[in-house]
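Colleague: Hi! Could you put the structure up and walk me through a few spots?

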Amino acid sequence: MKKIYLLLFLFFITSDVEAQPRRSIFLNTGYSFNNSLQINNGKVKNSRGYVITFGGALRLFSFKKNYVSLGIAGKTIFSSGSRNGEKFNASTVRFVFPLRITLPLTEQWRVSTGFNFQNNLDFLDPDFRLGYRYLWRVDYSAGMKYLLTNQWSLTANADFNIRNMSDAFFLNDPKFSVLIGIEKRFHKRRKTKK
Amino acid sequence: MKNLLFFLMLTLIFSCTKFNEDFELLDISEVDTELPVVNIEVDRDEFNKMNEAYEEEIEIEGRFNMFRNGVLVIENEEVELEVKGGFSTRFPLKTLGVKFEDKYDNSDRSLINPSKILPHHNIDKIKAIRLRNSGNDFVKTMMKDLSLTQLAINADLNLDLTYGEPVLVYINNDFHGVLNLRTEANSHGMAGLHGVKKSAVTLAKITTHELIKKDGDFDRIDAFVQAIEEGNLNYLKDELDIENFIDYMIYQSYIANVDWPHNNAQFYAIDQGKFRFVLFDLDGALRLRVNKEPLNIIEDKRFPNILTDLFFIFYKEESFQQAFWNRYRSLLNNGIISYDNFKPIVDENMNKIYSEIQIQINKYQAPGTMIEWNIEIDKLLNLFQEREQVVSDLVK
C-alpha cells in the first residue's frame, strides 16, 4: 500500500511538466468522530472533534475539463471524549497534503476525490527522533464544490482514514470527518495581444 | 514556491498535540504505595549542582536507605551518586548511578528482588545500581525497558542483562520521583552477575559515535575489533560466545530496537573467556521499524557499526544461518517470545505503578496526563502484537 501511495505521489509530481498552474486557497471546518475505540482495555466514549483546515493548492495538470491538484494545509483538531468515565480533550496541529482529482458535473457543480497525506509526528514529544511506525496517516476524501463566482466556491467533503493503525492514534484526530468550507481560486492572467 | 516551503516548515514545527483531562491525580500524601521506597540523604546544594551540570559528570556522596513494605531493610549505606544516561539526561528527572562503597550483600534480596533470575546469574553481591528514568520512555510508559527485559528473562534466553523493579525515590525525605531500580550493565554489573571481581572484566561499549574501551584488556578488544574489520572469521569464532550472540541478535531484532545496533551495545569477557553481549536499555524498541524484517533491523544502514559487521561476517556461513533461523523459529513457534507472554508482564507493571505514575504526572507532567500514559501503553502492546505478526510471517 505504501508503495502505491509513493508511486501516485511521484506520478503526480512528475506530471508537473504538463501543468497549467492555477492556485487556490481554502478554509474548511467541520465535525469529526470515531465509531468505537478501546485504549488499553478501556472503552472510549463520545470520541469526537472539531476540525479547521487552512491551506493552498496548486493545479498540477488537467485533461479535458478535469484536473489534478496538490495542496498543503495546516489542520487543527479540537477533540474530546471520555475513557472509563474520565473526560479528556486534546488540541492538535498537523500538516496535510491533499491530492485531488476534480471533475465537472455541470457549469457550477464539481466533484472531487483523492487522498489526504498527513503527518503523525508530534514535535512536543521530546523523543520525536525515534517516532512511531505510523509517521503518516492517509485519509480518503470525497467532496462536492459549488462555484459561486469565477473565483469563489463553496465546498463540502467527507474524509476517513484508510490506514490500519491502532486506536491510540485516533483519540486526538478522529477517523471520520465531515467538512464544509470556502475556496478562492487564482487564475493565471493571460496576456492579450495588441 | 518559497511561501509554500515556509508554510510547510511552519506547520511541521507546530505539529503537536496537547491533552487535558478531568482525571483527579493522586497526591504523594494520598498514595499508600506497595513499591519499595528509596531515601537518599545528600547535601542538597551538591545534589542540585550535580543535576544541573549533568554533563560535567559530578560525583557526590550520599547515604542510601531503603524500605520494603514499610520496613527499613537498608540503612545508611554509604554511596556515590552520579547522573547517568545520554539524551534522557535532558529530562527533569534524571537517571542516577548509585555506587556502594563496598559490595552490598543482597543475599536476602533487600536491594533487588527479581521474580526470576537466570540460572547462570548471581545477584548476591552488588557494587552498583542505577535508578533509571526509563530513558526515552520517561515521558511515555515508564515500563518499556523493564517489561521487555522481563520477557527476555522469562524466556530463559542465553543473555546477560539487568534485573530491576520500579521504586519510589526520595531525596532527603522529599519525594523525588518514580524510577526503575536496576542492576548495572557495565563492568560492575557483569562482575556481579558472574561473582567475580571487576578487574576480571574486559568490556567495550558501542555508541553512535565511537567504540569506548571501558575496562580490562584493551589489547584484546583492539584485536577483536581488528578481526571484525578484516573479516577474520576463524579468530572471531574463537573469541565470541556464539550461542549468546545468536540469542542477543534474535531478541534485539525481534523487538526492533531503533536505538541499536549502532548504540546501546556492549560486549565483555570474564578473564580469558569468550566475548558476550549485554542486553540493556530497550526503550528504543517497538517504535519506528516494527514492520522491518530482522535482518533489516540488524543491517542498520543509517550508522555503520561493528556489531552489524560482526553479524554479517558470521551470516556468510550456512551453518550459522541455519543455527540463527532455527533458534528464531523455535523461540517463536513455542510461544516463548510472544504477545501472550508479554501482555501479562505489562499488565503487572502497569498495576504496580498505577497510583505512583499519578504522582509523577503531578510533579513532572511526564507523561503529560493519564490518558497519554494509557495511549502509550496501548501503543506498546499493539506494536508488540504487530511485530509478532510481522516476524512470525517472515520467519516461517
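Modeller: Let's start with two helices: the crossing of α3(B) and α11(B) is right-handed, the near helix being turned clockwise from the far one by less than a right angle. Helices are DSSP runs (H or I, at least four residues), and strands are E runs of at least two, numbered from the N terminus. This is a predicted model, where local features need pLDDT of at least 70 and side-chain atom pairs 80 or more, while totals for chains, interfaces and linings use all residues; side-chain values use heavy atoms, without hydrogens and water. Residues count from 1 along each chain, with chains lettered from A and ligands numbered from 1 as written.

Colleague: At what angle do α3 and α11 of chain B pack?

Modeller: About 135°, with the axes (lines fitted to C-alpha atoms over the stretch in contact, angles 0 to 180 degrees between N-to-C directions) 9 Å apart.

Colleague: New topic: how many salt bridges over all chains?

Modeller: The count is 30, taking a Lys or Arg side-chain nitrogen within 4 Å of an Asp or Glu carboxyl oxygen. In one of them, B:Arg276 meets B:Asp160 at 2.6 Å, N to O.

Colleague: Where do B:Arg276 and B:Asp160 lie?

Modeller: B:Arg276 is in strand β12 and B:Asp160 in the loop between α3 and β7, so the pair ties together parts 116 residues apart in sequence. Both B:Arg276 and B:Asp160 are buried (under 20% relative accessible area; exposed is over 50%, partly exposed in between, 1.4 Å probe, protein chains only).
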